[in-house]
Amino acid sequence: MSNQPLHRELGLLDAEFARVKQLMGREPTDPELVMFSLMWSEHCSYKHSKPLLKGLPTTGARVVMGPGENAGAVDVGDGLAIVFKVESHNHPSAVEPFQGAATGVGGIVRDIIAVGAKPIALLDSLRFGPLTSQRSRFLFRRAVEGISHYGNCIGIPNVGGEVQFDERYEDSCLVNAMCVGIVPQNRILSCAATGLGNRLVLIGNRTGRDGIGGASVLASAELGDDDADKRPSVQVGDPFTERKLMDCCLALSEVGLLVALQDLGAAGLTSAASEMASRGGVGLAIDLDRVPLREEGLSPGEVLVSESQERMLAIVLPEQLQAVKDMAERYELDATDIGEVTDTGELEALWRGEEVVRIPSLFLTDDVPFSEVPQNAAPPTLPIELDTVPEATDLVAAWLAIMGDPNVASKRWVFEQYDQLVGAGTIRRPGGDAGVVRIPGTDRAIAVTLDCAEWHTELDPRAGGQASVLEAARNVACTGALPIAATDCLNYANPEKGSTGWRLAESIRGMAEALTAIDTPIVSGNVSLYNESPRGPIYPTPVVGIVGLLEDASKSVGAAFGRHGDQILLVGYGEPRVDASRYLGRCAGLPPAPDLVKEQALITLLVKAAQTGLMQSAHDVSEGGFAVALAESCINGGIGADVTIPTGRRADEAMFGEGGGRVIVSCHPDHVAAIQGLATGGLGAKVIGTVGGNEVIVTIGGCTTRVPLSDLREVWEGSIPRALEA
Amino acid sequence: MSATRVAVLRFPGTLDHESAATAVRAVGGDPVFTHHTDTALPEGTQAVVIPGGFSYGDHLRPGALASRTPIMVAVKAHAAEGGKVLGICNGFQILCESGMLPGVLRPNASLAFICRQADLEVADADTPWTGGRRTGEVLSVPFKHHDGAWFGDPSDTRVVLRYTGENPNGSIDKIAGISNLAGNVMGLMPHPEEACDPLLGSVDGRALFAALLA
Amino acid sequence: MTLVIVTVMPKKGVLDPQGQAVQRALSHMGFGEVSGVRVGKRIELQIDGHDPTGQATRMCEDLLANQLIEDFHVEVPE
């Protein structure tokens with residue numbers, strides 16, 4: 001029995017508790033207090049980050065629905081909108097990786113369904129400790145299995161993502177899941193409840209004890225040694241039911257039976273109902289006795305905050321209630337009338353005929369006191385003195401070593417466990433720069449990717465924020481698609497400690513600058529704070545998801561070399577640097593800041609070149625530098641290459657250094673001039689060599705390094721499977 | 001002559017019905033979605049496709065619960081009269097569980113879900129499904145499954161397609177697709193409906209759908 | 001209402017990759033003393049009727065076990 005007052009046990013600060021009493025004008029009941037503790041937790045309220053997020057660009061000609069709803073929506077022509085968002089499920093995944101990752105997928109999919117959209121793609125961004133650690137191998141394996149289990153069974157193709165391994169994530173793994181959906185613009189659903197007397201209908205799984213206290217207990221606090229005890233808080237996913245739920249909600253929307261729709265995620269019924277009430281300017285009265293339960297003995301507070309999965313809340317006209325129930329039955333789902341829309345602006349709940357909750361919904365959703373984030377700037381970092389970095393004299397050995405680094409190596413072990421194809425719309429599968437999926441019923445396609453430059457953000461947060469955005473944008477542009485909108489998941493440590501708050505603010509500033517420069521607004525996003533442990537904080541990890549539009553699906557470009565005799569060009573700008581490179585192997589130095597104007601010019605070049613069918617392939621130079629990108633284009637195409645590149649400061653830096661915006665392009669010799677003609681605004685587009693043979697050959701300053709393609713492939717493809725066998 | 005009517009079954013959890021219907025339409029057929037609780041196939045049905053997915057969430061055993069639904073009685077009757085039935089992936093599992101094809105699909109040897117493009121070789125060009133192709137001809141078709149290792153007695157069946165190269169899942173004799181001895185019922189683990197569009201990388205799957213309508 | 005316990009196990013002689021994987025994992029964890037593992041299912045049925053064992057047996061034959069690769073055992077606990 002704890003000595004703490006209830007509010008502290010629930011994670012509310014004394015000041016916040018005082019504010020609750022002030023707002024309510026009385027002592028809250030226990031269920032009411034639990035509701036406040038969850039709604040005012042960081043995870044639900046964004047009380048630390050909301051003020052900082054104001055700087056992100058959220059408007060544009062294509063934006064149909066910006067941040068603030070379940071997901072953002074962007075016009076893609078033909079009266080259709082693409083809807084998408086990325087979300088984190090970090091803390092649950094550290095405690096139970098299979099279910100944590102699985103329910104992370106479930107949650108983001110429901111956000112897309114809640115807008116009335118049909119999901120057409122999934123992506124995931126994962127970060128763990130090094131694979132030399134048994135615990136990290138376990139978390140990695142189980143998280144991938146969880147995503148596979150859920151995504152495959154629910155039938156949404158997984159078309160991309162990223163995986164990184166670093167000590168800073170050993171105790172604080174990151175699991176971010178992104179979902180993209182499609183919806184006719186005139187069928188986009190809102191979560192705003194309206195219509196006095198309209199029914200509140202709960203559709204989907206029964207309510208149990210899953211995730212009780214999950215949002216406040218897990219997501220708003222650092223993980224300590226006793227988190228094995230937090231295990232009961234983790235939700236268990238049921239993708240089969242979610243598939244039925246998805247099909248049912250889409251069917252209901254198609255025949256106009258839904259006034260509003262909301263998914264139940266963190267803080268369950270409380271969050272969903274209060275959002276619906278607040279956004280609609282109405283009240284909701286809930287009869288908790290009518291909520292179908294999976295277990296006996298749940299208290300009213302538990303029913304209100306349970307995070308049992310696969311549930312949606314709908315607002316339905318009374319005369320259409322039976323039609324909704326009939327439709328749900330056809331999909332073998334429960335649909336239960338649990339309450340109604342009122343005009344009080346309050347969230348009321350009855351239990352055994354007695355009122356247990358009466359809170360003006362705006363208190364829960366809008367009146368959370370915001371917290372200022374301390375801005376303690378870290379001392380500026382300096383570029384690394386190249387002389388202090390030992391020079392690799394055996395470039396072949398260094399090349400093979402970096403190809404075998406799990407961060408760089410093939411992620412085939414991951415994405416072969418995912419259904420990449422369901423829906424017969426996947427034009428470019430995982431393994432390239434971005435996934436490409438047809439927009440159903442049209443000749444168009446979207447390209448989508450998730451990326452982050454966490455080392456850069458640690459060392460130079462503003463430039464790192466820019467770099468994270470531009471990495472994603474460049475990857476999308478490499479497929480020929482024009483970036484049109486973005487989503488973000490900001491994974492950071494405790495903002496009240498050290499320089500984390502400053503890095504959060506600075507990196508958001510950088511992201512805003514880059515997004516504005518490339519005319520790509522943010523339409524949705526998520527923040528996950530307190531990602532740290534006694535071992536220390538994670539790197540500031542702003543994961544950016546960018547969606548691009550291909551007007552002609554048949555014009556998408558891949559990353560693989562194709563034909564003997566094709567010319568290879570190095571397109572873009574910037575000098576390679578060892579600073580914070582994978583080759584250097586540590587987060588140190590000062591990577592070159594991106595050039596926003598040149599990045600925009602590079603995107604324009606790639607999109608135009610693809611539209612006119614000039615390129616055989618385009619592949620972004622990123623982790624591992626030029627030599628890795630070259631090898632990847634060769635391996636994916638099953639054909640070698642012979643190139644010559646400038647020495648720069650030193651041969652190993654030229655091979656493996658990172659930085660700038662550089663793309664390796666291959667094309668038929670007849671198209672070289674046209675591509676070079678597109679390289680304006682200070683971009684280079686030099687021919688550096690030719691595709692062919694079964695070796696990869698790089699000449700620098702008269703010295704030639706050559707490796708059999710099969711050697712590079714063996715190391716690159718074998719790295720992660722070998723690391724897992726340990 | 002009107003288009004061949006093809007019933008495309010849908011169970012709770014079926015995922016690949018839309019793409020199967022698209023493939024049927026592409027070869028000139030008339031696909032009709034058929035609910036698992038129906039007791040009869042749509043009027044005028046000449047062929048049946050059981051698409052891929054996770055019917056009933058793969059609960060108990062993949063395909064076990066779907067094979068015991070009302071619609072399957074009608075499908076069995078249709079097959080008994082010589083009507084064509086094509087089961088893809090989960091559809092193959094359902095056909096084995098219902099006894100319309102011999103054997104059973106077991107978990108992949110690696111115990112992991114695998115999604116990969118496969119080179120399938122035509123094992124027997126004389127079946128109703130491979131007429132027009134040569135024995136040994138290679139078809140590029142993707143597969144994506146967790147339980148694709150066929151286990152049974154090959155002499156109870158006609159082997160139609162095999163995996164080439166390394167056995168991806170532990171299937172006996174690298175069997176990828178079989179038909180019953182009469183030849184009218186076929187099941188395969190790879191997804192021909194994902195190989196009907198040049199944009200998706202291969203059109204080698206069209207032949208099977210054309211054979212369904214023949 | 002009778003509680004009937006059905007156990008479904010892979011047939012002896014049929015490859016049990018799940019059992020093998022579990023045995024390997026146990027061995028890696030230091031439980032080298034395990035010389036064999038087979039993994040099956042336990043199904044609990046609440047049956048209304050005069051012949052719960054017979055009824056359950058029929059259920060096994062018709063649905064709960066795939067007799068090509070699985071054996072089943074029906075038991076009514078005391």
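Predicted model: local features only at pLDDT ≥ 70, side-chain atom pairs only at ≥ 80, totals over all residues.
The domain assignment divides chain A into domain 1, comprising 1-40 + 189-367, and domain 2, comprising 384-420 + 557-726. The centres of domain 1 of chain A and domain 2 of chain A, taken over C-alpha atoms, are separated by 49 Å.

Two packed helices are described by the angle between their axes and the distance between the axes. For helix α18 (residues 461-478) and helix α19 (residues 500-517), both of chain A, the axes come within 6 Å and cross at roughly 45 degrees. The helices α18(A) and α19(A) are therefore oblique to each other, and α18(A) passes α19(A) in a right-handed crossing. On the α18(A) side, the contact is made by A:Pro461, A:Arg462, A:Ala463, A:Gly464, A:Gly465, A:Gln466, A:Ser468, A:Val469 and A:Leu470. Residues contributed by α19(A) include A:Arg503, A:Glu506, A:Ile508, A:Arg509, A:Met511 and A:Leu515. By class, the residues of this contact of α18(A) with α19(A) comprise 8 nonpolar, 6 polar and 5 charged.

The contact between the chains draws 22 residues from chain A and 22 residues from chain B. On the side of chain B that touches chain A, the elements giving two or more residues are α1 (17-26), β6 (114-122) and β7 (138-145) of chain B. Of the elements on that side, β6(B) gives the most, with 3 residues. The side of chain B that touches chain A consists of 11 nonpolar, 5 polar and 6 charged residues.

Definitions and conventions. Residues numbered from 1 in each chain as written. Chains lettered and ligands numbered in written order. Axes fitted to C-alpha atoms, helices over the stretch in contact; angles between N-to-C directions. Helix = DSSP H or I, 4+ residues; strand = E, 2+ residues; numbered from the N terminus. Parallel < 35°, antiparallel > 145°, perpendicular 65-115°, else oblique. Left-handed = near helix turned anticlockwise from the far one by under 90°. Contact = placed C-beta atoms within 7 Å. Nonpolar A, V, L, I, M, F, W, Y, C, P; charged D, E, K, R; others polar. Domains from an automatic or database assignment.
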